[in-house]
Amino acid sequence: MAFQSVSKAVSRSPMWRWKQEFLTYLEVERGRALRTIAAYDRYLTRFLQVSGARRVEDITDEAVRTFRLWLNRQPARERGATLKRRTQNYYLIALRAFLKFLRRRGVATLAPERIELAKVGERDIEVLTPQELERLLQAPARGKGIRALRDRALLELLFSTGLRVSELTNLNRDDVDLQRDEFSVRGKGDKVRLVFLTPAAKEALRAYLSARTDTHEALFVQHGPRARGGRETRLTPRSVERIVKHYAAAAGIPQRVTPHTLRHSFATDLLRNGADIRAVQVLLGHAHLATTQIYTHITDRHLREVHRRFHSRHRRYRQSPRNA
């Protein structure tokens with residue numbers, strides 16, 4: 001189906017106005033983050049463009065099938081590839097949420113449960129080995145100056161807390177009290193959770209902040225030429241990604257390493273050392289336990305030890321003379 005541009009008539013249609021009400025509902029009543037709202041806006045706009053739906057009655061099984069076929073044929077960033085099923089599901093989840101909103105408003109529309117999500121395999125979680133992690137955290141020590149101090153504090157804080165990169169870059173100096181080993185962070189959905197500092201993270205932060213001479217409120221800022229001219233110098237998520245990538249290469253780690261890799265490593269380290277999965281869920285700020293359970297298959301190597309310790313205690317694995 002040919003891609004349809006948004007005409008003035010469509011943008012003024014009843015469906016477009018319902019979409020705007022839905023986005024307002026997400027922000028005001030559900031307290032969703034602005035980034036989430038922008039994503040839902042983008043997904044729904046694409047559905048309306050492709051389907052040409054201008055009224056609620058236009059959202060039919062056929063319209064959804066046409067949209068799914070369109071999604072399935074869209075090229076991905078990788079040459080020759082199409083959109084991953086997980087990405088396609090983001091569009092469908094937004095559409096289902098929109099339909100649920102309409103039903104709450106008493107509008108007769110397609111039942112949300114009629115839209116089934118595509119089946120996807122388990123997420124491939126990349127984590128660092130203990131040796132790789134240690135090399136990464138120690139990599140900034142080979143540098144000099146305030147940037148090396150900043151980068152060490154940044155890496156230690158990511159692994160100590162499991163923060164998302166957006167949560168890290170939004171931190172201000174006043175948010176972190178180095179007299180204590182814990183502080184609050186505002187994450188997805190504007191939810192506040194408690195995170196904790198390891199001694200290494202606490203010491204690295206203290207060394208970095210003691211070396212700062214600027215008055216910027218941000219916890220992590222640009223230093224050097226990029227910080228000149230009186231511009232805002234707060235590190236961006238993209239800047240943090242580049243910093244992590246740089247030190248991963250310096251540490252001789254062959255695979256791609258991102259700030260989220262450290263979040264994955266934080267979670268698996270806790271689980272491997274016996275932490276309860278529900279406690280890890282809270283520390284990560286996951287709304288649903290199912291999200292945290294993606295890490296459990298990585299820690300399945302402990303099952304061999306569990307089997308050996310508890311299954312063999314009731315039976316000796318020795319062949320009797322008769323069976324020898």
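Modeller: Start with E167 and R164, which form a salt bridge with their closest N and O atoms 2.6 Å apart. Both E167 and R164 are buried. This is a predicted model, so read every distance as computed. Salt bridges with shared partners also join R55, E57 and D58 into one network. The structure holds 17 salt bridges.

Now take E29 and R105. Their salt bridge has its closest N and O atoms 3.4 Å apart. E29 lies in the loop between helix 2 (14–28) and helix 3 (34–51), and R105 in the loop between helix 5 and helix 6 (130–138), so the pair ties together parts that are 76 residues apart in sequence. E29 is exposed because its relative accessible area is 53%, over the 50% cut-off. R105 is partly exposed, at 37%.

E113 pairs with R103. Here the closest N and O atoms of the salt bridge are 3.7 Å apart. The pair links distant parts of the chain: R103 is in helix 5, E113 is in the loop between helix 5 and helix 6, and they are ten residues apart. E113 counts as exposed at 56% relative accessibility. R103 counts as partly exposed at 44%.

R104 belongs to another feature. Helix 5 (residues 85–104) contains R104. With a relative accessible area of 52%, R104 is exposed. Together with R30, K100 and K191, R104 forms a positive surface patch. Residues in such a patch have no salt bridge.

Note on methods:
Residues numbered from 1 in each chain as written. Predicted model: local features only at pLDDT ≥ 70, side-chain atom pairs only at ≥ 80, totals over all residues. Heavy atoms only, no water. Patch = residues over 30% accessible without salt bridge, like charges linked within 9 Å, V, L, I, M, F, W, Y side chains within 5 Å. Areas by Shrake-Rupley, 256 points an atom, 1.4 Å probe, with all protein chains shown as cover. Salt bridge = Lys/Arg side-chain N within 4 Å of Asp/Glu carboxyl O. Lys, Arg positive; Asp, Glu negative; His and termini not counted. Charge placed at Lys NZ, Arg CZ, Asp CG, Glu CD. Helix = DSSP H or I, 4+ residues; strand = E, 2+ residues; numbered from the N terminus. Buried < 20%, exposed > 50% of the residue type's maximum accessible area, 1.4 Å probe, protein only.
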